[in-house]
Amino acid sequence: MTPASSHTPPSQHTPEFVEAARHVGRRRFLTVTGAAAALAFATNIPLAGAASAREYDARKLAENPFTLGVASGDPLPDSVLLWTRLAPKPFQADSGLPAERITVAWELASDEKFTRIVRRGSVTAHPEFHHSARVDVKGLDADRVFYYRFRTGSWISETGRTRTAPATAAAVSGLTIAAVSCQAFHDGYFTPYKHLAADDVDVVFHLGDYLYEYAVNAAGGVRNLSTPLPALFNRETVTLEDYRLRYALYKSDPDLRAAHAAHPFVVTWDDHETENNYADEIPEKDQPVDPFLVRRAAAYRAYWENQPLRAAQQPSGIDLQLYRRLKWGRLAQFDVLDTRQYRSDQAYGDTAHVPGPESTDPKRTITGATQERWLIDGWNKSDALWNVVPQQVMFAERRLDLNAEAKLSMDAWDGYAASRDRVLAGAASAGVENLMVLTGDVHKSYALDIKEKPGDPDAKTVGTEIVTTSIASGKDGEDKPSNWDTYMQANPHMKFYHGRRGYVTVQYGADQARADFKTVTHVTTPGAPLTTSGSFVTEAGNPGLEPA
C-alpha cells in the first residue's frame with residue numbers, strides 16, 4: 001500500500017447513492033427512489049425501463065469482451081453455475097460498453113472440443129449488473145465433467161472446465177478439494193493459482209479476502225508493472241464503481257483466471273472484500289454507520305456481480321445471504337459460513353487480549369443466531385461421513401504467548417468463546433464424528449486439533465482444523481515464522497505452522513482425510529516452483545492429525 005499522501009483522492013458516491021444513503025436504516029434500506037439507487041440496493045433486478053431499453057448490437061464489439069475470463073461455481077448433483085462478465089476495457093468505469101443490454105450465448109459440452117453439446121442457450125448481460133452474466137444450467141447428470149464457453153458478437157470466450165456433484169445419496173469413494181484465501185494484488189503475483197490450475201482437484205473453496213480495499217499504486221505494488229495502472233486504483237474502495245474496478249484489476253491476473261477456468265469454485269468472503277475487520281454494521285474505525293452501510297451494500301453488490309454465485313445469493317438491500325450447504329454424496333457435507341455479516345463487535349477494541357468478560361460474554365456471536373441454528377440443524381440431518389465447515393477465521397484456540405493466561409486474537413473464534421462452545425456442543429449433540437474446519441485469513445499454514453475444551457491440552461479431540469496460507473498477502477513469507485517456537489510451545493494441539501504462500505489440498509476418503517500444504521518460495525517475482533511443505537492425515541472416527 002502506498003503512502004496516504006500519494007493516494008488519489010477518495011471517490012464519491014453518485015448522487016443516486018447519496019439519495020439512497022438518506023434512506024438507510026439498520027438492517028434494511030427503506031423506500032428508495034432514483035433508478036440506480038433502487039436498482040443497486042432495493043429491487044436488485046433491472047427496472048422495466050432499463051430492461052426494455054434497446055439491445056446493443058454485439059457485432060459492433062471491436063475488442064475482446066471476455067478479458068475477465070470465465071468461472072463456474074457451487075456444483076450440485078443436477079446443475080452448475082456458469083459466470084462471465086463483459087469488459088472490453090476493464091480498467092474503465094463503464095468497461096468500454098454502453099448502458100445497453102447485450103445477449104450472450106453459452107454452450108455446455110461433455111468434451112473439450114464441443115462436439116457433444118449437452119446444453120446451449122443465451123442470457124442477457126444487463127448494464128445494471130455491470131454486464132455480468134450467469135447461467136444456472138439445470139437437468140444435468142450427476143458426477144460428470146463438463147466444458148463451457150460464452151459467445152457474443154464475433155468473440156468466443158476461453159473454455160472453462162466444471163463438474164456436477166455426485167447424487168445426494170451416492171456412495172462416493174473419494175473427493176479432493178483445494179482451499180485458498182487472501183490474495184493482495186499489490187503484495188505479489190498469484191503464482192500459486194498457476195499451479196492450482198494444473199492440480200487434480202474436484203472443487204476449490206475460496207475462504208475470503210478475494211480482493212483488498214487498500215489503494216494500489218501505478219506500479220501495482222511489488223509487482224512493479226511495466227505498464228502503469230490508472231490512477232483510479234490508487235485509492236481505497238468505497239463506492240460501487242471502486243469495488244467493480246477492483247474486481248477487474250484482480251481478474252486481470254492470468255493465473256487467477258486460469259484457476260477459475262480449470263475448476264469450479266465455492267466462494268465465501270472475509271473482511272477485505274468490504275473493509276478490514278468490520279463487524280456486521282460496525283466499520284473498522286469510528287465512523288458514522290449509515291455511510292458505512294452504503295459502502296457495505298456497494299461491496300456486497302460488486303461481490304455478487306463478480307463471483308459464480310446463484311440468484312439465491314443476490315443481495316437484498318444491504319444484506320447478502322452467503323452461508324449455504326453443499327453435499328458430495330454421502331462422503332462429505334460442506335456448511336459454508338459467513339463470520340463477518342452477523343457478528344458481534346470485536347471485544348477489547350479488536351486488540352490481542354487475555355480472555356475476559358467482554359470476550360466470554362455468553363450473548364456474543366460470530367455467526368448470528370440464525371446461521372448458528374442453521375449449522376447445527378444441518379448437522380442433525382447430515383448423513384455424511386465428513387462434516388466440513390469452510391469459513392474465515394481461526395476456530396481452534398491459538399495462544400499468542402507463553403504466559404499462564406495468554407493473549408488471544410479477538411477477531412477469531414477465540415474472541416467469541418461462547419459462540420464456539422455452542423457450535424461444538426451442537427456438533428456433539430448431532431453425533432458428528434468427523435468434523436473438519438477449513439480456515440483462511442492469517443496468511444500462514446496451520447494444522448490443529450480441535451479440543452472439546454479449548455485451552456485444555458488433555459481434553460478430548462473432537463475435530464481438526466486446516467488453515468490455508470495466503471495466495472499472495474504478506475509477500476514472500478518464510479518457512480519458519482519468527483514466532484514459530486512460541487506458538488508451537490504454547491499450543492500443543494498445533495501440529496504444523498508454516499509461513500510461505502500457497503494453498504492446501506484435502507483428499508477425503510472412506511478411511512481418512514489427508515491434507516497437503518503446497519507452497520512456493522516467492523511471489524514478489526513470478527515463476528516460483530511448487531513444493532509440499534507438510535502432509536497430515538486424520539482417521540475417520542478417530543479425530544486428530546498425524547504426519548502423513
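Which hand does the crossing of helix 9 and helix 10 have, right or left? I'll start there, and then walk through a few other spots. Keep in mind that this is a predicted model.

So, helix 9 and helix 10. The crossing is right-handed. Helix 9 covers residues 369–381 and helix 10 covers residues 417–430. Their axes sit 8 Å apart, and the packing angle is about 20 degrees. Angles under 35 degrees count as roughly parallel, so helix 9 is roughly parallel to helix 10.

Who is touching whom here? On the helix 9 side you have E372, L375, I376, W379 and N380. Across from them, helix 10 puts in S419, R422, V423, G426, A427, S429 and A430. If you sort the residues of that contact by type, you get six nonpolar, four polar and two charged.

From helix 5, the residues making the contact are L240, Y243, R244 and Y247. From helix 7, they are R295, A298, A299, R301, A302, Y303 and E305. By type, that contact has seven nonpolar residues, no polar ones and four charged ones.

One of those residues deserves a stop, and that's Y247. You'll find Y247 in helix 5, which runs over residues 240–251. Is Y247 buried or exposed? Its relative accessibility is 0%, so Y247 counts as buried. Skipping anything up to four places away in sequence, Y247 touches Y210, L211, E273, A302, Y303, N306 and Q307. For a sense of distance, take D111, which is 136 residues away from Y247 along the chain: the two C-alpha atoms are 30 Å apart.

Now the core. The largest nonpolar core has 45 residues, and the members touching the most other members are F190, Y193 and L196. Which elements supply at least two residues each? Those are strand 11 (174–180), helix 4 (191–198), helix 5, helix 6 (254–262), strand 13 (265–267) and helix 7 (289–305). Helix 7 contributes the most, with nine residues.

Leaving out neighbours within four places in sequence, L196 is in contact with A178, V180, V201, V204, H263 and Y503.

Moving on to a few loop residues. S181 sits in the loop between strand 11 and helix 4. S181 counts as buried, with a relative accessibility of 0%. Its contacts, beyond residues up to four places away in sequence, are H206, L207, G208, G440, D441, T468, T469, S470 and I471.

Next is E397, in the loop between strand 16 (386–390) and helix 10. At 12% relative accessibility, this glutamate counts as buried. What does E397 contact, once neighbours within four places in sequence are left aside? The answer is L408, D414, R420, L448, P454, G455, N491 and H493. And if you look for A62, 335 residues from E397 along the chain, the C-alpha atoms of the two are separated by 55 Å.

Then there's D141, in the loop between strand 7 (132–137) and strand 8 (145–152). D141 touches P77, F146 and T164, again not counting residues up to four places away in sequence. From D141 to P166, 25 residues apart along the chain, the C-alpha separation is 8.8 Å.

D280 is in the loop between strand 13 and helix 7, and it counts as buried at 18% relative accessibility. K475 is in the loop between strand 19 (461–467) and strand 20 (477–478). With a relative accessible area of 39%, K475 is partly exposed.

Notes
Residues numbered from 1 in each chain as written. Predicted model: local features only at pLDDT ≥ 70, side-chain atom pairs only at ≥ 80, totals over all residues. Heavy atoms only, no water. Helix = DSSP H or I, 4+ residues; strand = E, 2+ residues; numbered from the N terminus. Buried < 20%, exposed > 50% of the residue type's maximum accessible area, 1.4 Å probe, protein only. Contact = heavy atoms within 4.5 Å. Core = buried A, V, L, I, M, F, W, Y, C linked by side-chain atoms within 4.5 Å. Axes fitted to C-alpha atoms, helices over the stretch in contact; angles between N-to-C directions. Parallel < 35°, antiparallel > 145°, perpendicular 65-115°, else oblique. Left-handed = near helix turned anticlockwise from the far one by under 90°. Nonpolar A, V, L, I, M, F, W, Y, C, P; charged D, E, K, R; others polar.
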